[in-house]
Amino acid sequence: MTFPKKTESNQRTVSRAGRGQVPDFTFPIGNESVILPAHYRIKGINYLIFNLLMENQGRTELSSLGEFGIINRIASKTEKYQESTRTGIGDDAAVLAYPAGEEVLVSTDLLAEGVHFDLSYTPLHLLGYKAVAVNLSDIAAMNAVPRQILVSLALSNRFSMEAIEALYDGIRQACKEYHVDLAGGDTTSSQSGLVLSVTALGTQKPDLIVNRSGARVGDLICVSGDLGSAYMGLQILRREKKVFEADPDMQPEISDEQAYLLQRQLKPEARTDIVYELAEKNILPNSMIDVSDGLASELFHLCSKSGVGVQIFEDKIPVENLTKLAASDFGLSPLTCALNGGEDYELLFTVPLSEFDKVAKMPDVSIIGVVKNADYGKKLVLKSGQETELKAQGWVHF
Ligand SMILES: [Mg+2]
């Protein structure tokens, strides 16, 4: 099928006043539906390039609301999930009261339009969701529990209040999903484009915090989920953008199966579930990191921080068939996508060998190798049995 596709069941028939006669449009991303308001679409063409239309239809100018008007609209919809948020948005500073004996973890990310994201194929609400999820992923990678986020925005008058609301809809959706509070932030104007900064706060007892530096020789190397799929999602989005630019009347060619790859790119999840599962099984990893820049590069970080080497097995690296199929479409090696693709936001961790039975039973965790001493270096054992040097970067094309 083409994607997004209009069907009787997913097409809303009620048009919104002031937004023309084009109905809202629903399309599936993974197991949920994403509703695109009609004004996202260009001349009724079902295409992913919808943010552009934010510029001229049904818009409320930011200048008509002013900074306090914007903040009030954001604050009025904000829900509270955390006991520890004493005072959230609306005062000079947030007041947070964490349980005694827990340490505070802080992580921040700055995302700039054109550098970190492309609004021609990133729906604003998914950008909001992703900005939160990737920050929470860093808190999860420390084996900690996320509690609050702070969000700061700089944006040009190209964006309307509706665009900001879409962004915050995604931010709020992520807050709900992960039970974190939007506790503050700032909004200001920029000369051009959108800059989005998210700071995440989490807590954990000091002896349960897991660093990159704790990997020990003999540890099992484990990774959650699958790798390389987000990268293939990005390739598809870029391809469809090029097709669209060449001929705006073309419908995107995205199958149901490929929607998973898009979901991995556009709506990644932080693996806080793995943190809970490890705690439930009474497993404390020796070291942990999240996979944001690709498995190989994260392994290099673990090695340098822990002063160890690694041996990884190609046939143990979790790569979905969909990813393999898409990679072969693009003439890319699935192994390279998994090693160097990035944006997987899975957790990579090491556990003592004695935990083998427990981690082997975790349904969404793969054991991919072992920690070696530093002299051994970083090696990848190919399916053929041949051992090669693991490279942090470098693309292998067919
Ligand atoms: Mg990280």
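L220 stands opposite V351 in β12. In β13, the bridge partner of L220 is V370. The model is predicted. Two elements are covered here: strand β9, residues 220-224, and helix α8, residues 321-329.

**Pairing of β9**

- β9 and β12 (residues 347-351) run antiparallel and are joined by four bridges.
- β9 also runs antiparallel to β13, which spans residues 365-373. Five bridges join β9 and β13.

**Burial in β9**

- β9 is mostly covered, with five of its five residues buried.
- L220, C222 and S224 point one way from the strand. I221 and V223 point the other way.
- Residues on both sides are buried.
- In a regular strand, side chains alternate between the two faces of the sheet.

**Faces of α8**

- L322, T323, A326 and A327 are the buried residues of α8.
- Seen down the helix axis, these buried residues fall within an arc of 130°, so they line one face of α8.
- An α-helix has 3.6 residues a turn, so residues three or four places apart point the same way.
- N321 and S328 are exposed, on the face of α8 turned away from its buried side.

Terms used:
Residues are numbered from 1 along each chain as its sequence is written. This is a predicted model: local features need pLDDT of at least 70, side-chain atom pairs count only at pLDDT 80 or more; totals for chains, interfaces and linings use all residues. A residue is buried if 20 or more other C-beta atoms lie within 10 Å of its own, exposed if 12 or fewer, and partly exposed in between; C-beta atoms are placed from the backbone. The arc is that of the directions from the helix axis to the C-beta atoms. Two strands pair if DSSP finds at least two bridges between them.
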